[in-house]
Structure formats: C-alpha cells, structure tokens
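Here's a quick tour for someone meeting this structure for the first time. Take a look, then read on.

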Amino acid sequence: MLDCVFCNIIQKTIHGSIIFEDDQMVVIQDILPKAPVHLLVLPKKHIASLIDVTAADQALLGAMILKAKQFAEEHHIADSGYKLLFNVGKHGGQTVKHLHLHLLGGKQLAEIE
Ligand code: 5GP
Ligand code: ZN
C-alpha cells in the first residue's frame, strides 16, 4: 500500500471508480461530488502538485485537458459549460498531493474568488 491515495487508485490497490485509463492517465469519479458531473483526471506518474510540473510534462498536461474536454462532451455539459480546475497548495485548497484536474459541471457553478 502506497501512502498516496491516488497512486493506490491508479495501481488498483484500493477501489477508486476508474472510468477511463490509458498509458499516461486515469479518470475517476470524485468520491464527494460537488456538482452533478465531478470527475478527476490524474496522471499515472506521481506528481505532487502543479508546482512540481516541468516543461517535460507539457504534453501530459495538454493530454489531460483534452481528455477533460472529451468527458465534458460525453456527459453533455459542453454546451451548458463547465469548469476545469487545478487546486494548488494550501491556499489553493489542494487536499490530495497527487496532481489532478477537476471537471465540474451540470449545474450553475459559483464564481471563483
Ligand atoms: P483537491 O481539494 O485536492 O483539489 O481535491 C481532491 C479531490 O479528491 C476532492 O474533491 C475529494 O473529494 C477527492 N477524493 C479524495 N479522496 C478520494 C478517493 O479516495 N477517491 C476518490 N474517487 N476521490 C477522492
Ligand atoms: Zn500519487
């Protein structure tokens, strides 16, 4: 058992509602959804935060954003709109220290601060 919850989900050590997987990322349902559609796009590689991303991860980040856009279309929220969100560090409200992109939609979402 690894000490990172998302690494455990990726390695299937714990159940984590994986709905998509390829060689570089997985998409999971958020366990405490804050909107009718609330998915998380995770790189398989353990990167703690956006702070730790480097230029070498540029293609990975692009692929994560495109995958989120594809899931928005598949969940029929592309026309109504949605948010893609990285929470970064303490002030950013990041609670899980494995990079993840939130896809939120299906209702009117609050403005960001
Ligand atoms: P953060 O606040 O770090 O940006 O977001 C972490 C997200 O991960 C939260 O929305 C939280 O509900 C979700 N989460 C935390 N633990 C688990 C888990 O074990 N499984 C799943 N599917 N989601 C989780
Ligand atoms: Zn991890």
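How do the residues of the shell around ligand 1 divide into nonpolar, polar and charged? There are eight nonpolar, eight polar and two charged ones, counting Asp, Glu, Lys and Arg as charged, Ala, Val, Leu, Ile, Met, Phe, Trp, Tyr, Cys and Pro as nonpolar, and the others, Gly among them, as polar.

This is a predicted model, where local features need pLDDT of at least 70 and side-chain atom pairs pLDDT 80 or more, while totals for chains, interfaces and linings use all residues. Residues are numbered from 1 along each chain, chains are lettered from A and ligands numbered from 1 as written, and side-chain values use heavy atoms, without hydrogens and water.

In total, 18 residues surround ligand 1, each with a heavy atom within 4 Å of it. The closest are Gln29, Asp30, Asn87, Thr95 and His100. Helix α1 (5–10) gives the most to this shell, with three residues; β2 (25–29) and β3 (37–43) each supply at least two. Helices (H or I, at least four residues) and strands (E, at least two) are DSSP runs, numbered from the N terminus.

| Residue and atom | Distance to an oxygen atom of ligand 1 |
|---|---|
| His102, polar side-chain atom | 2.8 Å |
| Val96, backbone N or O atom | 2.9 Å |
| Gly93, polar backbone atom | 3.0 Å |

Taken alone, ligand 1 exposes 520 Å², and the protein buries 86% of that (Shrake-Rupley method, 1.4 Å probe).

How values were computed:
A polar contact is a pair of N or O atoms within 3.5 Å; within protein, one must be able to donate a hydrogen and the other to accept it, and residues adjacent in sequence count only if both atoms are side-chain atoms.
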